[in-house]
Amino acid sequence: MAVKKKASDIAPPAIPKLLDSRLIADYEMEDRQIFENTLFEDCRIENQNAHKVCFDKVIFRNVAFSKVSLRNAEFLDVIFDNCDLSNGDFSESAFHRVEFNHCKLLGTDFTDTTWRNVLMQECNGSYGVFRFANWKQVAVKSSNWSKADCFQSTWVQTTFAEVNLEQAQLSRTKLAGIDLSTCEFDHLTITAEDLQGCIIAPSQAGLFARIFGLVIKE
């Protein structure tokens, strides 16, 4: 009998110990370009606009992305460590075995993206756009997702631990089996149908009652 995987069984990025160090600021990225076994460190990637770029076994460390559009890209076995991807456009991209550690994702566009085996920890994803995203084996930990837009996303085997979801948009995102018991919020945009099967803490029951206009009589 097959054992069902848990969100905690996230496969980490498989990256070799020795990587080639490269600078990207000196030239323009091209459509369908491939970067393999590469370390980008202590640099700024800006004014780049390319489609279907592939990053395979790559580490971005202390990298700031500015005015970057990498739509329909593929990130395979990639680590973003202390990076700033704010306001970048990564829509329609695929992320497989990827980690985001201590990153800024303010307003970053992840619309219609596919995420498999992704870990996001201690990140600021406030105002991030995750509309129509498809997630499986994803964990978000100790992060700020206030006012994030997750409209009509699909979350399978996904966990949230100590995440600020204040005023997040979760309409038409099914939360069955999703544990929000350690998350922080006073307001969410959500429907009762979306909430069916969601796991919450007893202390959050009153918050959801208020969200749906219920009055709890003491």
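**View 1. Surroundings of F100 in the predicted model.** Beyond its neighbours within four places in sequence, F100 is in contact (heavy atoms within 4.5 Å) with residues including F80, L85, F95, L105, W115 and V118. Further partners of F100 are L119, M120, Q121 and C123. This is a predicted model, in which local features need pLDDT of at least 70 and side-chain atom pairs count only at pLDDT 80 or more, while totals for chains, interfaces and linings use all residues. Residues are numbered from 1 along each chain as its sequence is written, and side-chain values use heavy atoms, with hydrogens and water left out.

**View 2. The largest nonpolar core.** This core, a set of buried Ala, Val, Leu, Ile, Met, Phe, Trp, Tyr and Cys residues joined through side-chain atoms within 4.5 Å, has 56 residues. Buried means under 20% relative accessible area with a 1.4 Å probe, protein chains only. F60, F80, F100 and W145 have the most contacts inside the core. Strand β3 (a DSSP run of E, at least two residues) gives the most to the core, with five residues.

**View 3. The aromatic pair W145 and F160.** The ring centres lie 5.6 Å apart and the planes stand at 75 degrees, so the pair is edge-to-face; rings of Phe, Tyr and Trp (its six-membered ring) pair if their centres lie within 6.5 Å, and planes under 30 degrees apart count as stacked, over 60 as edge-to-face and the rest as tilted. W145 belongs to the loop between β7 and β8, and F160 to strand β8, 15 residues apart. W145 counts as buried at 0% relative accessibility, as does F160 at 4%.

Note on methods
Buried means under 20% relative accessible area, exposed over 50%, partly exposed in between (1.4 Å probe, protein chains only). Helices (H or I, at least four residues) and strands (E, at least two) are DSSP runs, numbered from the N terminus.
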